[in-house]
Amino acid sequence: MKQLKKYIFLVVSLLITTTALSQVRLPKLISNGMVLQRDTKVRVWGWAAPKEKIEIFFMLKKYKITANDIGEWELKLPPLKAGGPHIMKIQASNSIEINDILIGEVWLCSGQSNMALTVGQVSDLYEEDIANSENKFIRSFQVPREYDFIAARTDLNGGSWKESNPKNVVQFSATAYFFAKKIYEKLKIPVGLIHSSWGGTFAEAWMIEETLQSFPESFNEIKLLKDPHYIQSIQIKEQELEKNWYSTLLLNDEGGTDKNNWTSNSTITTDWEETTIPGLWNATPLNKINGVVWFKKEIKVSKKMANLESTLRLGTIIGADSTYVNGRFVGNTDDQYTPRKYKLPANSLVEGKNTITVRVVSNRGNAGFALGMSYKILGNEETIALTGIWKYKLGAKLEALPKPTSFQGKPTGLYNAMIEPLKKYTFKGVIWYQGEANAKRPVEYSKILPALIYNWRALFNVQTMPFLYVQLPNYMAPKEIPSESNWALLRESQLKTLSVSNTGMATTIDIGEWNDIHPQKKKEVGTRLALLAENMVYGDKNTTCYGPKFESMQIENDKIILSFSTFGSGMQFKGGGMHTNFAIAGEDKKFVWAEAKIENGKITVWSKEIPCPVAVRYAWADNPDGEKLYNTEGLPASPFRTDSW
């Protein structure tokens, strides 16, 4: 009897196991609310028991397929017309229903932090756009940020389709959203975005191992990365260092709540130093100290503004801050790129004297309050400026914490975890916003970016898949004289990549910010990418998508005549500044600022200092500060040079 019970138990267990194994399973992308690419064959795929028979019902048709010997199955649907919503039912040993499916245009959106920057992070500029973002025909799927160096994955670990509305859109990539919005306005059909990006990442992280054989420095690193013990040992060591660093900081912080509690309004500051905010620590006796520094400022609040809701803005802080108003915690931010914007409840401010306290932690490098940002309290009708003199005092000084290893930027990791799992999905094209991380090797990027494009086109098996990308914007402090620039060289590498078929480049040399590597004007970026798509991908040749494009030069005595392909109805200079952004040089290769004039559809460039010119550069700088060249439709020319020394 006991043996019989044991036998029955084993049979039941086997049946349960077999049933569990035979459950049809879908990839994360094939889910409620998905957008499928119109007018081409698309795939639906998944996993089941080996040889399991599956029926799929979609748009009044029934399809029968059988899983292969290892339980994989795939259905190719015929070209579909734009529209929806539709329902798909999958029937096997279990049943799955996928609801709210749309057919339209699907774009893969990838790159580093400027693609990752969300609508919410630029909400100050686009409050009206957010309020009016309700559109069930624009949808986004956020690919989870993970890396894998062992092998390419077959599925994602999470993610879901979200439709555009004021609640969801703040989490969308800002560049991708404004791209989709413009495309939808043009085509009036659904637009799906699959957003796969990660800040601070090199292009090599998004490439397959085989492609990287041509780049020995990256390829040689892959073998180490495939050893999980190697990565784990580094992470454990770095985590322990970080834990100890912050524990020591907390223990030694003289302003901590268990010691002097410098968050309090009653803190005596007669022995505190004074500094001007905004400003960096190296402009003060702090120099490049690491540790924690406390800042305080007293302000006066009117009776009208007191006890009302308001917003505290503290620009961007290079370091991590914890901020208090009248001794009450109002918010904190851990990274140096996110603008500080803290909502103050109605009871935060009182009539008369109020105190703002900011505890800033710097674990490495030069910390402080970034210049050129907004520092103020915004009420409904009044604004209180927070720039000017603040008091400060050192809470604790520590040695710099070593910079942790950014494994997300290492070769192949993001390709394996965030691109390979998408390979069976059908895309109209790619928009790409990356390059900052590669700026230290700018010339090599002229080979890396084309290699990535070919790599992805092979993965998705579309050799002409449109690939639209963003050229680096203007960034960093302007230079007073013409000089060399890695950012200019990388822009040149991006410009050269237009030689790859079916590529397009959005120039953003006019909408960057000198003090922020993440410029806020993402609507302009998305719109310029969309103009490229309208012209190149959707066939509207009446859409102007480029500014003037340099073609050739001709030397005439003491002048150089530049010819352009002008995409638009003419050329113009806009913006002003300390010079024209054109520089000219003779045989000695020393560039000086030049005069420039538009004549008969060409540009004449000259300088009294250079009687025998041989070369011209335009906007050749990290942050070219001068007049910029546009077409009359308002699109800027890409920076360029005629020399190749």
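User: In which sense do strand S30 and strand S34 pair?
Analyst: Strands here are DSSP E runs of at least two residues, numbered from the N terminus. Two strands pair if DSSP finds at least two bridges between them. S30 (residues 582-585) and S34 (residues 615-618) are joined over four bridges. Their sense is antiparallel.

User: Which residue in S34 does Ala585 stand opposite?
Analyst: This is a predicted model, in which local features need pLDDT of at least 70, side-chain atom pairs count only at pLDDT 80 or more, and totals for chains, interfaces and linings use all residues. Residues are numbered from 1 along each chain as its sequence is written, and side-chain values use heavy atoms, with hydrogens and water left out. The residue opposite Ala585 in S34 is Ala615.

User: What is the bridge partner of Leu280 in S20?
Analyst: An open sheet of three strands runs in the order S12-S20-S15. S12 (279-280) is one of its edge strands. S12 pairs with S20 (residues 368-369) in the antiparallel sense over two bridges. The partner of Leu280 is Gly368.

User: Are H4 and H10 parallel or oblique to each other?
Analyst: Helices are DSSP H or I runs of at least four residues. H4 (residues 174-187) and H10 (residues 522-537) pack at about 45°, with axes 7 Å apart. Axes are lines fitted to C-alpha atoms over the stretch in contact, and angles run from 0 to 180 degrees between N-to-C directions. Angles under 35 degrees count as roughly parallel, over 145 as roughly antiparallel, 65 to 115 as roughly perpendicular and the rest as oblique, so H4 and H10 are oblique.

User: Is the crossing of H4 and H10 left-handed or right-handed?
Analyst: A crossing is left-handed if the near helix is turned anticlockwise from the far one by less than a right angle, and right-handed if clockwise. For H4 and H10, the crossing is right-handed.

User: Is Thr154 buried or exposed?
Analyst: Thr154 sits in the loop between S8 (135-142) and S9 (161-164). Buried means under 20% relative accessible area, exposed over 50%, and partly exposed in between (1.4 Å probe, protein chains only). At 55%, Thr154 is exposed.

User: How far apart are the C-alpha atoms of Thr154 and Pro421?
Analyst: Contact means heavy atoms within 4.5 Å. Leaving aside neighbours within four places in sequence, Thr154 contacts Trp47 and Pro421. Thr154 and Pro421 are 267 residues apart along the chain, yet their C-alpha separation is 4.7 Å.
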